[in-house]
Amino acid sequence: MPRPTRRRVFAVANQKGGVGKTTSTVNLAVALALHGNRVMVIDLDPQGNASTGLGVEHGAGTPSVYEALVEGMSLDEIATPVDGIPSLYCVPATIDLAGAEVELVNVVAREGRLEKSIATFSGELDYIFIDCPPSLGLLTVNALVAAEEVLIPIQCEYYALEGLGQLLRNIELIKAHLNARLRVSTILLTMYDKRTKLADQVEQEVRGHFSEIVLDAVVPRSVRVSEAPGYGQSIMTYDPGSRGAASYFEAAEEIALRGAKLSRRGKNQKGGN
């Protein structure tokens, strides 16, 4: 997969729970790392599911993203290499993160704490994926201020677009006041069940609303994808021959190729000026 000409930072966000945010974060990160990219996953959900999915320790007392946000600790001290996946790092989340929003209330420039912490990381990275909690609170705001791109997983089920308007309005507010570079660049359809007419209807509706930013790759509903975190693995390593692994590989490849195309277009425009 082509590497981007500069680091791409994604906030993986959707305030609805159970839409495949963490699963998508973990599997896209692993797919990109296995194919030559330098990747970091920042687990910003107090449940720590992304840390679990990557097999990274995140028990109480483990240096985590909480220390970065509240105490200003450098990511160099926190980022943990993921076993068996070269060039993949994880910044784990512990249960301490549940209290971070309250502790940050009176902190100056509290919305930019994560962005500041990312800037301290000394290693070279091609991608950063920030796994957001299922809410629109201060943790998600920190992710949106730190990111340049938003990746929204949408499940192919009833109420798929419910609440999405609020997320998009929040993104526009953050773009207007805190991070002018932010844009929704990618939508990934998850939990697709080709046996149902509903899944097809949801897909058509999402593609009709968002057209070009919806990835062609669609992630199927899969027991194997659900099983993998229980073994501290991504589907890419747990069952690389499965439909779920193939779908996430295609999605990662599409993200990489689209980024390369945008980079070339940007260079050409600069050359033309």
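L188 sits in strand 7, which covers residues 183–192, in what is a predicted model. With a relative accessible area of 0%, L188 counts as buried, because the cut-off for that label is under 20%. Here's a quick tour, starting from that residue and working out to the whole chain.

**Around L188**
- Leaving out residues up to four places away in sequence, L188 touches S24, L28, L151, I152, P153, I154, L215, A217, V219, Y248 and A251.
- D96 is another story: D96 and L188 are 92 residues apart in sequence, and their C-alpha atoms are 30 Å apart in space.

**Cysteines**
- If you're wondering about disulfides, the structure holds 0 of them.
- C132 is in no disulfide, and its nearest cysteine sulfur, on C90, is 14 Å away.
- C132 is buried, at a relative accessible area of 1%, and C156 is buried too, at 4%.

**Fold and overall shape**
- The chain has 11 helices and 8 strands.
- For 273 residues, a compact globule would have a radius of gyration near 19 Å, and the chain's 18 Å agrees with that.
- Take the contacts between residues at least 6 apart in sequence: 80% of them join residues at least 24 apart.

**Surface and charge**
- Of the chain's 273 residues, 52% count as buried.
- The accessible surface comes to about 12,400 Å², and carbon and sulfur atoms account for 50% of that.
- On the charge side, there are 27 positive and 32 negative side chains, with the centres of the two sets 8 Å apart.

Note on methods
Residues numbered from 1 in each chain as written. Predicted model: local features only at pLDDT ≥ 70, side-chain atom pairs only at ≥ 80, totals over all residues. Heavy atoms only, no water. Helix = DSSP H or I, 4+ residues; strand = E, 2+ residues; numbered from the N terminus. Buried < 20%, exposed > 50% of the residue type's maximum accessible area, 1.4 Å probe, protein only. Contact = heavy atoms within 4.5 Å. Disulfide = S-S within 2.5 Å. Rg over C-alpha atoms; globule rule 2.2 N^0.38 Å. Areas by Shrake-Rupley, 256 points an atom, 1.4 Å probe, with all protein chains shown as cover. Lys, Arg positive; Asp, Glu negative; His and termini not counted. Charge placed at Lys NZ, Arg CZ, Asp CG, Glu CD.
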